[in-house]
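User: I am new to reading protein models and would like to learn how to go from the overall outline to single residues. Could you take me through one, step by step?

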Amino acid sequence: MPKVTFLSDKKSIDVPEGANLRRQAMKNGVELYTGPHRYFNCRGNGMCCSCRVYVKKGEENVSRRGFWEWLNTWINPLGFFARIGHEREMRLACQTRVYGDCEVEARPELNLHGEKFWN
Ligand code: FES
């Protein structure tokens with residue numbers, strides 16, 4: 001069974017191969033959402049970009065970004081700004097399947113004033 005480590009929560013969980021990252025996080029009590037998104041989100045349909053996580057390690061062990069995820073991280077400002085400087089590691093948990101061990105950071109902050117944004 002693949003192991004997912006949530007760095008921000010200091011929690012590791014074993015998940016079935018091919019499991020949906022959002023569902024497994026919620027099932028194991030890992031909060032993915034912040035503020036009003038805890039109550040108002042798209043319920044895993046890949047549209048609100050509020051379930052975003054950074055895959056810090058094991059990027060090769062999660063599913064590739066699909067068209068729907070790619071599209072919504074371009075047109076949704078939350079996803080668009082979160083991607084800046086994290087183009088490869090920023091993923092939507094609801095659109096990500098786990099096939100091997102990985103380490104993820106849940107609830108990453110938007111870094112609108114980061115050095116890369118204004119350059
Ligand atoms: S729950 Fe809305 S994009 Fe994942």
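Analyst: What follows moves from the whole chain to the sheet, a helix, the core and a few single residues. This is a predicted model, in which local features need pLDDT of at least 70 and side-chain atom pairs count only at pLDDT 80 or more, while totals for chains, interfaces and linings use all residues. Residues are numbered from 1 along each chain as its sequence is written.

User: Which helices and strands does the protein chain have, and in what order do the elements run?

Analyst: Helices (H or I, at least four residues) and strands (E, at least two) are DSSP runs, numbered from the N terminus. The protein chain has three helices and seven strands, and from the N terminus on the elements run β-β-β-α-β-α-α-β-β-β.

User: What does the radius of gyration say about the protein chain?

Analyst: The radius of gyration is taken over C-alpha atoms, and the globule rule is 2.2 Å times the number of residues to the power 0.38. For 119 residues a compact globule would have a value near 14 Å, and the protein chain, with 13 Å, agrees with this. The C-alpha trace spans about 40 × 30 × 30 Å along its principal axes.

User: How are the strands arranged in the open sheet?

Analyst: Strands of a sheet pair through backbone hydrogen bonds, either parallel or antiparallel. Two strands count as paired here if DSSP finds at least two bridges between them. The open sheet has five strands in the order 2-1-7-4-5, with mixed pairing. Its edge strands are strand 2 (11-14) and strand 5, each of which pairs on one side only, and the twist averages 35° from one strand to the next, where axes are lines fitted to C-alpha atoms, for helices over the stretch in contact, and angles run from 0 to 180 degrees between N-to-C directions.

User: Which pairs of strands run parallel, and which antiparallel?

Analyst: Strand 1 and strand 2 are antiparallel, joined by four bridges, and they form a hairpin with four residues between them, where Lys-10 in the turn has a positive phi of about 50°. Strand 1 also pairs with strand 7, in the parallel sense over three bridges, and there Phe-6 stands opposite Val-104. Strand 4 pairs with strand 7 (residues 102-106) in the antiparallel sense over four bridges, and with strand 5 (residues 90-92), also antiparallel, over three bridges.

User: Which residues of helix 2 are buried, and where do they lie around its axis?

Analyst: A residue is buried if 20 or more other C-beta atoms lie within 10 Å of its own, exposed if 12 or fewer, and partly exposed in between, with C-beta atoms placed from the backbone. In helix 2 (residues 67-75) the buried residues are Glu-69, Asn-72 and Thr-73. Seen down the axis of helix 2, they fall within an arc of 100°, so they line one face of the helix; the arc is that of the directions from the helix axis to the C-beta atoms. The face turned away from this buried side carries the exposed residues Phe-67, Trp-74 and Ile-75.

User: Which residues have the most contacts inside the largest nonpolar core?

Analyst: In soluble globular proteins, nonpolar side chains tend to be buried together. A nonpolar core is a set of buried Ala, Val, Leu, Ile, Met, Phe, Trp, Tyr and Cys residues joined through C-beta atoms within 7 Å. The largest one has 23 residues, and those with the most contacts inside it are Leu-32, Ala-93, Val-98, Val-104 and Ala-106. Strand 7 gives the most to this core, with three residues.
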